[in-house]
Amino acid sequence: MNRWFNVLMVAPVAVVAPFSVAAPATQHPAQVQFKQNMDAVLAVARNKQLNDAQKIQRIERYADQYLDYERIAALAVGLPWRQFTPKQKTDFIAAFKSMMIGMYSRSALMGAVDANVEMLPKVLDSGNNRAEVFTEIRTARGNKYEVGYRLYKVGGVYKIYDIRVDGSSMVTVYRNQFNDLIKQKGIDGTIATVNARGLKKVN
């Protein structure tokens with residue numbers, strides 16, 4: 001498996017999995033929230049009384065609170081997003097969310113149980129209620145990755161709008177695929193492709 005798929009087995013659920021290091025005395029608010037969201041989902045992942053479908057459904061509820069699918073989708077499409085009609089935007093966001101869940105949730109469920117996730121002490125605060133927090137993920141196979149979660153604050157909640165693996169942005173990698181699809185198939189054809197989950201995993 002390639003680097004991105006290895007990490008994305010864990011990264012979507014890592015935002016709600018416990019860290020294995022003690023929290024420092026003072027943390028950025030984004031780090032505090034990021035850490036507080038962890039225990040509940042790992043408990044779901046390890047709950048032997050739930051089947052996989054039930055676990056995925058419950059994990060998705062947590063993801064819905066802290067992942068901004070609309071912003072992720074817009075950033076992943078890039079400039080062509082301005083050409084989408086309101087309905088096309090709604091349809092694309094729904095398709096993109098479904099694709100991400102379908103491609104990664106089951107693998108993430110397994111990865112979150114076996115991987116070791118450590119919160120790194122660094123944080124980038126770029127102002128305007130934006131910050132990036134970092135974890136180090138060690139997979140069951142012994143691979144190690146630094147993962148950055150780019151967040152912005154809405155009300156009292158920090159929401160993820162991009163995930164970076166060793167500095168490589170998820171939305172940028174997807175953008176290359178979407179731009180090619182839009183050129184080849186148009187907007188409606190791109191939405192149909194994403195609905196059919198015909199997009200390649202990011203790599």
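Predicted model: local features only at pLDDT ≥ 70, side-chain atom pairs only at ≥ 80, totals over all residues.
Two packed helices are described by the angle between their axes and the distance between the axes. Helix α6 spans residues 69–77, and helix α8 spans residues 170–195. They pack at an angle of about 60°, and their axes are 6 Å apart. Helices α6 and α8 are therefore oblique to each other.

Helix α6 contributes Ile-72, Leu-75, Ala-76 and Val-77 to this contact. Helix α8 contributes Met-170, Val-171, Tyr-174, Arg-175, Phe-178, Asn-179 and Ile-182. Of the residues in the contact of α6 with α8, nine are nonpolar, one is polar and one is charged.

Arg-71 also belongs to helix α6. Its relative accessible area is 29%, which makes Arg-71 partly exposed. Leaving out residues up to four places away in sequence, Arg-71 touches Arg-130, Tyr-152 and Tyr-161. Arg-71 and Tyr-161 are 90 residues apart in sequence. In space, their C-alpha atoms are 6.1 Å apart. Tyr-161 also has Arg-130 over its face, at 5.3 Å from the ring centre. A further charge sits over a ring elsewhere: the charged end of Lys-122 lies over Phe-134, 4.3 Å from the ring centre.

Aromatic rings also pair with one another. A pair of aromatic rings is described by the distance of the centres and the angle of the planes. The structure holds ten aromatic pairs. One of them joins Phe-34 and Tyr-149. Their ring centres are 4.8 Å apart and their planes meet at 50°, so the pair is tilted. Phe-34 lies in helix α3 (residues 29–36), whereas Tyr-149 lies in strand β3 (residues 144–154). The pair therefore ties together parts that are 115 residues apart in sequence. Both Phe-34 and Tyr-149 are buried.

Trp-81 and Phe-84 form another tilted pair, 5.0 Å from centre to centre and with 35° between the planes. Trp-81 is buried, and so is Phe-84.

How values were computed:
Residues numbered from 1 in each chain as written. Heavy atoms only, no water. Axes fitted to C-alpha atoms, helices over the stretch in contact; angles between N-to-C directions. Helix = DSSP H or I, 4+ residues; strand = E, 2+ residues; numbered from the N terminus. Parallel < 35°, antiparallel > 145°, perpendicular 65-115°, else oblique. Contact = heavy atoms within 4.5 Å. Nonpolar A, V, L, I, M, F, W, Y, C, P; charged D, E, K, R; others polar. Phe/Tyr/Trp six-rings, centres within 6.5 Å; stacked < 30°, edge-to-face > 60°. Buried < 20%, exposed > 50% of the residue type's maximum accessible area, 1.4 Å probe, protein only. Lys NZ or Arg CZ within 6 Å of the ring centre and 35° of its normal.
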